[in-house]
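Hi,

Here is the structure I said I'd pass along.

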Amino acid sequence: MSRTSFEQLLEAGVHFGHLKRKWNPAMKPYIFMEKNGIHIIDLHKTVAKIDEAAEALKQIAKSGKKVLFVATKKQAREIIAEKVGGVGMPYVVERWPGGMLTNFPTIRKAIKKMGSIDKLMNDPVYMSLSKRERLQLTRQREKLNKTLGSIQDLTRLPAAMFVFDVTKEHIAVKEANRLSIPVFGVVDTNSNPADVDYVIPANDDALKSIELITEIMTSAIREGLEERKAEKLDEQEAKENKDAKDSKKSNGSRKRAARKNAESNEAEAQNEEPAAEA
C-alpha cells in the first residue's frame, strides 16, 4: 500500500515546479506539463519515488544506522527540527559547515569541545572564573550548539543523507557523493538529479510540501526503529527461553546422574553384605 496519494500531494502543492525559464532539462522525465509558464511535476512518479525512498530509509533505521537530514531553508527549519528530532535522527538546519563529512574528525573534536564546556559549566570551578571568562565560554557554547547541537549524537558518518533543495545544498551533496554516502533528495524542476541516488520530484519551497514529505519519511524511520526494537525483544526472549531450557536440561541430567550414582552405591552395599557374612 502506498504511503501517500495523488490527492494528498496535490493538496500540499507538491506538483508546482519552477518557472519554465529556470528549468533543468535533466528533470524532463519528471515533468507532466507546463501551465502559465510554470512546470507541473508528474505526481504519479512522485508517489512511486516517495514509496521507494521511504522503504529504503525504513531499512536503514531498522539496521540501527543514522540518516542525516539537511534543510537550511527558513521555511523548513522548524519542521525538520521537530519531526526529525522526534525520531532521534541528526539534522542540519543552519549553515552547512563545510567539510562536515569529508573532515568529520575535526567536527567531532568541536562537538567534544562543546561537551567539555558543558562539563565545566556544571563544575563548581566555573563560578570561580571571572565574569568575562564565563561570558566567553557561554558565547562559544551557544555558537557551537547553533551549528553542531543537532548532530551531537552523530558519532560516525551517517549511512545516508536526506536533502531538501539539492541546488542550495550542493556542497553537502558533493561531500556525500565523495564518500559514497547515498543521497535522498527532494528535487525541484530547477535542479539536477544526477548526483542524487533517490530522487523525489517535488516542490522544495512550499511549506505544506516540505511538511508532508518530512512526515512520510520520519514515519518510515519510526517504523524501522520500532521493528528493530521488537526484533531485539524477540531475540532476548528467545535467548532467555533457551537459557531456561538448557538450565532445565542440565538439572535433569544432574538428577539422573545422582540417581544412577545412588543406585550404584546401593548395589555395591548389597554385594558387600553377603561377603561380610561369609
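Predicted model: local features only at pLDDT ≥ 70, side-chain atom pairs only at ≥ 80, totals over all residues.

Helix H2 covers residues 43-62, and at 1.5 Å a residue its 20 residues should span 28 Å, which agrees with the 28 Å between its end C-alpha atoms. At its start, a side-chain oxygen of Asp 42 comes to within 3.1 Å of the backbone nitrogen of His 44. After H2 comes Gly 64, with a positive phi near 85°. Several H2 residues are buried, among them Val 47, Ile 50, Ala 54 and Leu 57.

That ties in with the largest nonpolar core, which has 37 residues. Ile 80, Phe 162, Ile 213 and Met 217 have the most contacts inside this core. H2 gives the largest share of this core, nine residues. Ile 213 touches Ile 50, as well as Phe 162 and Val 186, among others.

Now the charges: I count twelve salt bridges. Lys 73 is worth a look, as it pairs with Asp 165 (3.0 Å, N to O) and also with Asp 205, where the closest N and O atoms are 2.4 Å apart. Lys 73 lies in the loop between S4 and H3 and Asp 205 in the loop between strand S8 and H7, so this pair ties together parts 132 residues apart in sequence. Lys 73 counts as buried because its relative accessibility is 9%, while Asp 205, at 30%, counts as partly exposed.

Elsewhere, Glu 227 and Lys 62 form a salt bridge (3.1 Å, N to O), linking helix H7 to helix H2.

Cheers

Terms used. Residues numbered from 1 in each chain as written. Heavy atoms only, no water. Helix = DSSP H or I, 4+ residues; strand = E, 2+ residues; numbered from the N terminus. Expected span 1.5 Å × (residues − 1). Buried < 20%, exposed > 50% of the residue type's maximum accessible area, 1.4 Å probe, protein only. Polar contact = N/O pair within 3.5 Å; in protein donor to acceptor, adjacent residues only side chain to side chain. Core = buried A, V, L, I, M, F, W, Y, C linked by side-chain atoms within 4.5 Å. Contact = heavy atoms within 4.5 Å. Salt bridge = Lys/Arg side-chain N within 4 Å of Asp/Glu carboxyl O. Lists of a residue's contacts leave out its neighbours within four places in sequence.
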